[in-house]
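Please look over the sequence and the structure shown here.

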Amino acid sequence: MSQSAATQHAPSNHDQPQFKHPHKVMLGLYIGAFLGMLSETSMNIALPDLCDAFGITTGTAQWMVVGYMLAIGVVLPCVGFLLKWIKAKTLVLFALVCFAVGSALSACAPVFALVLAGRIIQGIGTGIVLPTMYAAIMRVFPPFVIGAANGVAGLVIMFAPVIGPTLSGILIGAFSWRAIFVLFAVVALVAIVCTAAFFVTPIETTRPKVDILSVVASVIGFGCLVAGVSLVADMGFSALVVVLLVVGIVVVAFYAYRQLHIDNPVLDLRALGIASFRTPALMVTCSFACTLAIMYLAPQELQRGLGLNSSVAGMLMLAGGVINAICSFATGRMYDKVGARPLVRAGAVVAIIGSVLFLVIGVTTAPAFFVLAHVVFMIGIPLMQQSAQSAALKGLPRELAADGSTILNTMQQVCGAIGTAVATCLLGMGSGASEAQSFVAGSRYGYVFGLVLVVIVFMFSFFLKEGREQR
């Protein structure tokens, strides 16, 4: 730790560092997390161009989304353990370098396989940065402003969907899809500089014994599970898909059992035994899967269903993204005052209305109606997701903060990948008199799936235990 960094905090009565400029400390992680979400959402609008450039199907192109989340899902369960062995600053710098290298590879790749390889390397970086950011928030900020701190993190992350589709559409229109990866590489370099200059390692390294079997089981289990679900879109329930799903489920179950019965688990799943963490974690997972499914479908429907070009489609998604970012920030402030329950319920109701509006969209629908549906939906999502996430993290004892953050992000990314894959399968079920009508019909099935997930969140809100009310 540098001298300047060391002088900005001192132990408090609660043995937690106090930082004079906590947001400055977190700047590199904020940019890295923003970059991860920018990459996760901005590629959706580029999928039609990738299909045309490499002559691949929509199902194959979706691996740019699912492969990215697959890499995140494989890495995430190990992050809590890695933070106990490696200084957080070193780990974050490694993650950001991975993102920069992966972006450069995808930008220059002559074939789709190499574009996908770079994308997967990006996913490794994002898989490390996301849980590390939330674990660091629990150490850098005092408990009474956790909601506000998560609101700022939410604002930073959700700013990505604000500019992601719009910026991607502009870059594709002016240059090509490769320009998106060039942008990623530049932003990754900025994040590396900020992390090296300002980030202070707030998480202690205890270096527990490494359980290699758990690490292997995590990679195989989560990898097979997400891959199996993803391949259903192209291969149906073929023998390979069934084998992947069965292996994934069995190995993940073994992994979970082992974490609960060894002295030094890779991921301390005891956090899921705490009701005040478990219930909001499930709510966050469902709302995140819904968001990714809608964000996957909407920009493609604008292009394939309503016949708009990528630049116009990106611009139409801007208003909803702006509203999402503003609501993410405001939700963090409101959470510290009123708690999660009223915010989740209000958000679920608004998101249900938005989902119903999406179902009305047809090939002749005015773009303004799409903007309305998107804005309404994007008001509801952060009210649900940000408040539930703050409640989940606040419901954990400090010693489980890193593991809880990792569990929460693992659930989001794995289920998000599954949600995107399910949306892809439903998209293929659409039929109509024209290709555009078929695409719109398939999108409606996907929107119904998102609606079901929001209803589940609403139902869970009645079982929400805030604080550490129940173990």
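**Cysteines, core and a loop**

The sulfur of Cys-327 lies 15 Å from the closest cysteine sulfur, that of Cys-290, which is too far for a bond. The model is predicted: local features need pLDDT of at least 70, side-chain atom pairs count only at pLDDT 80 or more, and totals for chains, interfaces and linings use all residues. Residues are numbered from 1 along each chain as its sequence is written, and side-chain values use heavy atoms, with hydrogens and water left out.

**Cysteines**

- The structure holds zero disulfides (a disulfide is a pair of cysteine sulfur atoms within 2.5 Å).
- Cys-286 is in no disulfide, and the nearest cysteine sulfur, in Cys-415, is 7.4 Å away.
- Cys-327 counts as buried because its relative accessibility is 16% (buried means under 20% relative accessible area, exposed over 50%, partly exposed in between, with a 1.4 Å probe and protein chains only).
- Cys-286 also counts as buried, at 14% relative accessibility.

**Nonpolar core**

- The largest nonpolar core has 154 residues, and Met-26, Met-64 and Met-133 touch the most other members (such a core is a set of buried Ala, Val, Leu, Ile, Met, Phe, Trp, Tyr and Cys residues joined through side-chain atoms within 4.5 Å).
- Helix 13 (residues 275-305) supplies the largest share of this core, 16 residues (helices are DSSP runs of H or I, at least four residues, numbered from the N terminus).

**Loop**

- Thr-364 sits in the loop between helix 16 (341-360) and helix 17 (367-394).
- Thr-364 counts as exposed, at 75% relative accessibility.

Terms used
Helices (H or I, at least four residues) and strands (E, at least two) are DSSP runs, numbered from the N terminus.
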